[in-house]
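I am opening a notebook on this structure. The entries record what I looked up, in order.

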Amino acid sequence: MRRGLSVIVAVASTVACSASDAATATVENVFVAENPTSTGSPANPTTSAVPTTAAEPWTLVTKYSSIGESVEGRPIRVAHRIDLPGSELAPDDPRRIVVLVVGVIHGDELAGLDVIDELHDMSREMFADDPVLSAVDLWMIPSINPDGQFAFRRTNANLVDLNRNFPFDWGPIEEPGHWQYAGTGPASEPETRAFTAFVEDLRPDLTVWYHQDAFSIAPSNGPDGPVRAEYARRTGLPLEGVPGGTYTGVAATWQRKTFPDDTAFIVELGPTLAPGEARRHAEAILAVLPLLP
Ligand SMILES: [Zn+2]
């Protein structure tokens with residue numbers, strides 16, 4: 001559920017969109033939700049793209065498109081805050097700060113969805129009035145594992161732990177049914193391939209991946225160390241690694257090794273979120289941007 005949203009402009013597209021053209025992806029199905037007075041309509045989708053007067057009761061518009069499909073054919077949706085001033089910057093504009101947030105990769109770890117809700121709900125004015133935030137181009141993938149989320153299961157429909165399936169330092173882990181089963185090979189899963197293709201195009205400066213429930217952030221000796229430390233400080237998470245498990249084929253590691261200039265890290269939320277905690281995480285994402293290497 002997208003709590004508190006006034007308007008959702010949903011663009012369902014089976015086109016494997018590139019980041020640069022996602023905002024203009026083929027519109028196959030457009031609907032406007034939760035605001036019966038909206039001027040948007042399937043017959044005239046462009047009227048719903050931007051609020052037209054200050055009197056209209058919403059402050060943000062988010063466009064959804066699909067980056068691919070899961071094993072069972074569910075769309076892997078990405079939301080783009082097309083109302084933010086940073087979304088207007090050219091891809092090669094040096095001011096542009098591309099931020100990507102992934103709410104769910106393990107289908108039984110859903111607290112990151114609350115952080116994404118907060119990012120949906122942040123006012124456009126907050127971004128427009130700040131010299132750093134006005135350059136933010138904000139993208140959100142609620143879940144790259146919609147099949148696992150549907151089943152409330154860690155793995156995808158092939159019982160693969162997607163966060164062991166990425167094509168850097170991939171190694172076989174156990175068999176289907178094991179909690180860390182890594183798949184039949186690097187990027188064997190459609191969800192993994194959809195994400196790698198999307199990121200190769202979008203090239204986010206910062207990607208944050210939400211998990212549960214170790215309640216920590218792993219420290220880093222690399223250039224992203226200060227970013228992680230500041231995120232931890234602002235959210236109260238201990239800066240420490242997660243013990244146990246095998247960490248090959250991890251998504252954030254693939255990003256860092258493939259694109260050394262980009263920052264990507266995992267945030268392990270706790271078992272539940274306290275009141276206001278999701279908001280603190282959403283704010284922390286924005287607050288660490290000046291520290292990006
Ligand atoms: Zn996890």
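The entries below go from the core to one helix and then to a pair of helices.

Entry 1, the core. I am working from a predicted model. I looked up the largest nonpolar core and found 64 residues in it. Val99, Val101, Met140 and Trp209 have the most contacts inside this core. Strand E5, residues 97–104, gives the largest share, seven residues. In general, nonpolar side chains in soluble globular proteins tend to be buried together.

Entry 3, helix H6. This helix spans residues 225–235, and I found Val227, Arg228, Tyr231 and Ala232 to be its buried residues. Seen down the axis of H6, they fall within an arc of 130°, so they line one face of the helix. An α-helix has 3.6 residues a turn, so residues three or four places apart point the same way. I then checked what covers the buried residues of H6, and the cover includes strand E8 (263–269) and helix H8 (277–287). After H6 comes glycine 236, with a positive phi near 80°.

How do H2 (residues 112–121) and H8 pack, by angle and axis distance? I noted an angle of about 65° and axes 8 Å apart. Their crossing is right-handed. On the H2 side I found Asp114, Val115, Asp117, Glu118 and Leu119, which meet Ala278, Arg279, His281 and Ala282 in H8. Sorted by class, this contact has four nonpolar, one polar and four charged residues.

How values were computed: Residues numbered from 1 in each chain as written. Predicted model: local features only at pLDDT ≥ 70, side-chain atom pairs only at ≥ 80, totals over all residues. Core = buried A, V, L, I, M, F, W, Y, C linked by C-beta atoms within 7 Å. Buried ≥ 20, exposed ≤ 12 C-beta atoms within 10 Å, placed from the backbone. Helix = DSSP H or I, 4+ residues; strand = E, 2+ residues; numbered from the N terminus. Arc of directions from axis to C-beta. Contact = placed C-beta atoms within 7 Å. Axes fitted to C-alpha atoms, helices over the stretch in contact; angles between N-to-C directions. Left-handed = near helix turned anticlockwise from the far one by under 90°. Nonpolar A, V, L, I, M, F, W, Y, C, P; charged D, E, K, R; others polar.
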